[in-house]
Amino acid sequence: MVGISGATGIAYGIRVLELARKAEVETHLVVTPAGQRTRAYETDLSARDLAALADVIHRPTDIGAAIASGSFRTDGMIVAPCSIRTLSAIAFAGGDNLLTRAADVTLKERRPLVLLVRETPLTLAHLRAMTAATESGGIVMPPVPAFYLRPGTVEDIVDHTAGRALDLLGIEVPELPRWSGDAARRRLEEDRRDSSAQSA
Ligand SMILES: Cc1cc2nc3c(=O)[nH]c(=O)nc-3n(C[C@H](O)[C@H](O)[C@H](O)COP(=O)(O)O)c2cc1C
């Protein structure tokens with residue numbers, strides 16, 4: 001299940017859907033009204049284009065949809081991006097729409113729930129909601145770039161975060177760049193060579 005809420009960064013949710021499709025994983029998508037607003041602000045996709053990236057699209061008001069029940073088997077759920085409002089509803093079991101209900105079901109069924117919470121700076125209330133979500137078994141994963149991989153483009157940054165979120169659901173993303181000990185050693189050796197060349 002993929003939830004898209006109204007924080008900035010809809011690109012993360014889009015990429016999660018694209019990578020899941022590449023991995024041949026069926027996706028069920030819920031987009032909140034605020035998520036539709038950021039889609040219009042941040043992309044050239046229509047609501048129909050976004051829906052086409054998922055196998056099944058659910059209306060956020062449809063709290064009777066299959067994904068509202070724990071008897072519907074899933075690998076888990078990724079909320080990307082996750083607004084503070086959606087985080088707070090999830091953290092305190094407020095299933096006020098299909099996204100937050102499906103997230104609550106994911107927690108109660110002890111399945112992985114990954115929340116790409118996006119806000120900055122953070123208030124104590126935001127941090128408390130993150131703590132409560134974590135205490136209930138959720139995984140708070142703010143979309144923060146890994147600069148050690150030397151991303152060249154915004155797409156590289158989005159790909160890496162979306163791939164890592166799918167990793168947490170046990171979904172294999174073949175082309176995901178991963179840090180290796182070899183790369184670390186090579187860079188340190190290059191750095192040492194440069195330093196000794198400079199001091200010679
Ligand atoms: C352009 C734009 C960017 C926003 N970015 C954020 C954000 O990064 N984080 C956040 O928590 N809310 C953000 N908001 C506010 C949420 O959209 C708002 O709180 C909304 O009620 C969230 O509803 P939802 O959780 O049901 O999607 C943004 C709103 C707009 C219009």
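I started from the UniProt record, an unreviewed entry, which annotates residues 2-167 as "domain: Flavoprotein". The model I am looking at is predicted. I looked up the make-up of residues 2-167 and found 45% helix and 14% strand.

Next I looked at strand β2, residues 28-31. I find both of its faces covered: His28 and Val30 are buried on one side, Leu29 and Val31 on the other.

I then checked the pairing of β2. Strand β1, residues 2-4, runs parallel to β2 and is joined to it by three bridges. Val2 has Leu29 of β2 as its bridge partner. Strand β3, residues 56-58, also runs parallel to β2, again with three bridges. Here I noted His28 opposite Val56 of β3.

I followed the chain from β1 to β2. The path goes through helix α1, residues 10-22, and the three elements form a right-handed β-α-β unit.

Last, I went to the residues that UniProt lists under "binding site", also from an unreviewed entry: Tyr148 and Arg164. Are they buried or exposed? I placed Tyr148 in the loop between β6 (139-140) and α7 (154-168). Tyr148 counts as exposed because it has 10 C-beta neighbours inside 10 Å, and the cut-off for exposed is 12 or fewer. Arg164 sits in helix α7. I count Arg164 as partly exposed, because it has 17 C-beta neighbours inside 10 Å, while a buried residue needs 20 or more.

Key: Residues numbered from 1 in each chain as written. Predicted model: local features only at pLDDT ≥ 70, side-chain atom pairs only at ≥ 80, totals over all residues. Helix = DSSP H or I, 4+ residues; strand = E, 2+ residues; numbered from the N terminus. Pairing = 2+ DSSP bridges. Right-handed = clockwise from strand over helix to strand, strands pointing away. UniProt positions renumbered as here; feature names shortened; annotations may be inferred.
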